[in-house]
Amino acid sequence: MTVSTIGSVAEFVTNGVTTNFPFYFKFLANEDLSVTYVNPLGMVVPLTLGTDYTANGAKDESGGSIVTTIALAGPGQLIVSREMDPDQLTSLRNQGKFLAETHEDVFDRLTMLIQQGFSINSRSLNRPYGKDY
């Protein structure tokens, strides 16, 4: 498997009818997704996996989808982002079998965590080089 996209955030306009929201970035587990709804009044509401939505497509290179349990009122916004815990739970042993899929999953996870860091950094204020504020 590969991580063939650099994006890790998808934004959708809600309309009170649509419940299926496909996105095109890879994620490893449903729990790695953060889903937020901005209602027509501008209130930010975090949605809960299993209660407010289900996720499909974990480990699928082409992405997945979010299916909300109800149609979200519009005009609003649904934001789906990959937000992983920065841990490494795979143990690779000496003299063990070389399982390429296991190694590739570890590298995919590291790549996704780096992308997550870039995504956070791109939304922050940055001081230009050479400027001392």
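The model is predicted, so local features require pLDDT of at least 70 and side-chain atom pairs count only at pLDDT 80 or more, whereas totals for chains, interfaces and linings use all residues. Residues are numbered from 1 along each chain as its sequence is written, and side-chain values use heavy atoms, with hydrogens and water left out.

Helices (H or I, at least four residues) and strands (E, at least two) are taken as DSSP runs and numbered from the N terminus. An open sheet is formed by three strands in the order β2-β6-β5, with antiparallel pairing. Strands β2 (20-23) and β5 (53-56) are the edge strands, each pairing on one side only. From one strand to the next, the twist averages 15 degrees; axes are lines fitted to C-alpha atoms, for helices over the stretch in contact, and angles run from 0 to 180 degrees between N-to-C directions. Two strands are regarded as paired if DSSP finds at least two bridges between them. Strand β6 (residues 64-68) is joined to β2 by four bridges, and four bridges also join β5 to β6. Residue S65 of β6 stands opposite P22 and also opposite N56.

Helix α1 comprises residues 100-122. Its end C-alpha atoms are 33 Å apart, which agrees with the 33 Å that its 23 residues should span at 1.5 Å a residue; the expected span is 1.5 Å times one less than the number of residues. The buried residues of α1 are H103, D105, V106, D108, R109, M112, L113, Q115, Q116 and S119. Strands β1 (9-14) and β7 (76-82) are included in what covers these buried residues, where contact means heavy atoms within 4.5 Å. Residue Q115 counts as buried because its relative accessibility is 11%. The side chains of Q115 and R82 are joined by a polar contact of 2.4 Å. Such a contact is a pair of N or O atoms within 3.5 Å; within protein, one must be able to donate a hydrogen and the other to accept it, and residues adjacent in sequence count only if both atoms are side-chain atoms.

Three aromatic pairs are present in the structure. Rings of Phe, Tyr and Trp (its six-membered ring) pair if their centres lie within 6.5 Å; planes under 30 degrees apart count as stacked, over 60 as edge-to-face and the rest as tilted. The pair of F23 and F25 is tilted, at 4.7 Å centre to centre and 35 degrees between the planes, and both residues are buried. The rings of F23 and F27 have centres 5.5 Å apart and planes at 45 degrees, so this pair is tilted; both F23 and F27 are buried. One aromatic cluster is formed by F23, F25 and F27.

Most residues other than glycine have a negative phi, and most peptide bonds are trans. The peptide bond from G74 to P75 is cis, with omega near 0 degrees, and P75 lies in the loop between β6 and β7. Residue K59, in the loop between β5 and β6, has a positive phi near 70 degrees. With a relative accessible area of 42%, K59 is partly exposed.

How values were computed. Buried < 20%, exposed > 50% of the residue type's maximum accessible area, 1.4 Å probe, protein only.
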